[in-house]
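Colleague: I've got a few "how do you know that" questions about this model. Can we go through it together?

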Amino acid sequence: MKLDILALSSHPDDTELCCGGTLAALVNQGKKVGVIDFTQGEMGSRGTPEQRLQEAQNASDIIGLEVRENLGLPDTKLKSTREYQKKIIQKIRKYRPHICLVGAPSDRHPDHGNGTQLALDAIFYSGLTKIKTFDEQDNSQERWRPSHVLHFMQDRPFEPDVVFDISDTFETKKKAILAFESQFNVQDPGDEPETYISNEEFFEGIEARARHYGHLIGTTYGEPFKYHNGPVPMASFDALFETEPMR
């Protein structure tokens, strides 16, 4: 299956938090969208790996993803090694996306910046013929490099190059985030500790950020992205005719 967009993330729930509205909007536009999570988030203070995998599947169903896979790399130990790169290269060559979304260049959580560098290295090396990988049937894969790579914003803000209007899919984003019931908006922490992301204030902050970036582009809600290796290439102004911001 060839995907139009493939998002690469360090943990289950990263894409729902950071670009879930965009992914849902692209699905609604008929695009084939997938997510590859690098780890199971097994070092998180709340939830089990099995629970988080099920939550990721529930969120995928809400968004309408074609593909959701988990590579099982070690949480809190992400680094750009050839072993880990090849696991990602196999998926890039398998799904041959036109666009890849990756995490922030640097962030509060070390796994986010490290996972982003791992993703970027794999994306580049996926285009090199002499790096050999094989599919599930042990067939040699052809090289592939996505045409566009964009960073989604994580905990720490950056100056975006693009803000995607998610006004029509913000409720879908919220539902997908809340599918990770062990992690977010936890009313009763039970025997597990309250965390930076589990309280109600963090969830309210997600809406505040979406409203802020929506305001910047003249809509209700938005999600910010930085174009990797910019500037943004354009061959027409068609995208600008698709929007009528209220400013």
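Predicted model: local features only at pLDDT ≥ 70, side-chain atom pairs only at ≥ 80, totals over all residues.

Colleague: What makes β5 and β7 paired strands?

Modeller: Pairing takes at least two bridges. Three bridges join β5 to β7, so the two strands count as a pair. One of the residues involved is Phe-152, whose bridge partner in β7 is Phe-225.

Colleague: Where do β5 and β7 sit in the sheet?

Modeller: The order is β3-β2-β1-β4-β5-β7-β6, seven strands in an open sheet with mixed pairing.

Colleague: Why are β3 and β6 called edge strands?

Modeller: β3 (67-73) and β6 (162-165) each have a single partner strand, so one side of each has no neighbour in the sheet. From one strand to the next, the twist averages 25°.

Colleague: How much of the chain counts as buried?

Modeller: With the cut-off at under 20% relative accessible area, 48% of the 247 residues are buried. The chain exposes about 12700 Å², with carbon and sulfur atoms supplying 49% of that area.

Colleague: What makes a group of residues here a nonpolar core?

Modeller: The members have to be buried nonpolar residues joined through side-chain atoms within 4.5 Å. The largest such set has 28 residues, and Leu-17, Leu-23, Val-33, Ile-63, Leu-101 and Phe-184 have the most contacts inside it. Elements supplying at least two residues each include β1 (5-9), α5 (170-178) and α6 (200-216). The largest share, seven residues, comes from α1.

Colleague: Which residues does Leu-23 touch?

Modeller: Leaving out residues up to four places away in sequence, Leu-23 touches Thr-15, Val-33, Val-35, Ile-63, Leu-65 and Leu-101. Apart from this core lies another, of 23 residues, including Ile-36, Leu-71, Leu-120 and Ala-122.

Conventions
Residues numbered from 1 in each chain as written. Heavy atoms only, no water. Helix = DSSP H or I, 4+ residues; strand = E, 2+ residues; numbered from the N terminus. Axes fitted to C-alpha atoms, helices over the stretch in contact; angles between N-to-C directions. Buried < 20%, exposed > 50% of the residue type's maximum accessible area, 1.4 Å probe, protein only. Areas by Shrake-Rupley, 256 points an atom, 1.4 Å probe, with all protein chains shown as cover. Contact = heavy atoms within 4.5 Å.
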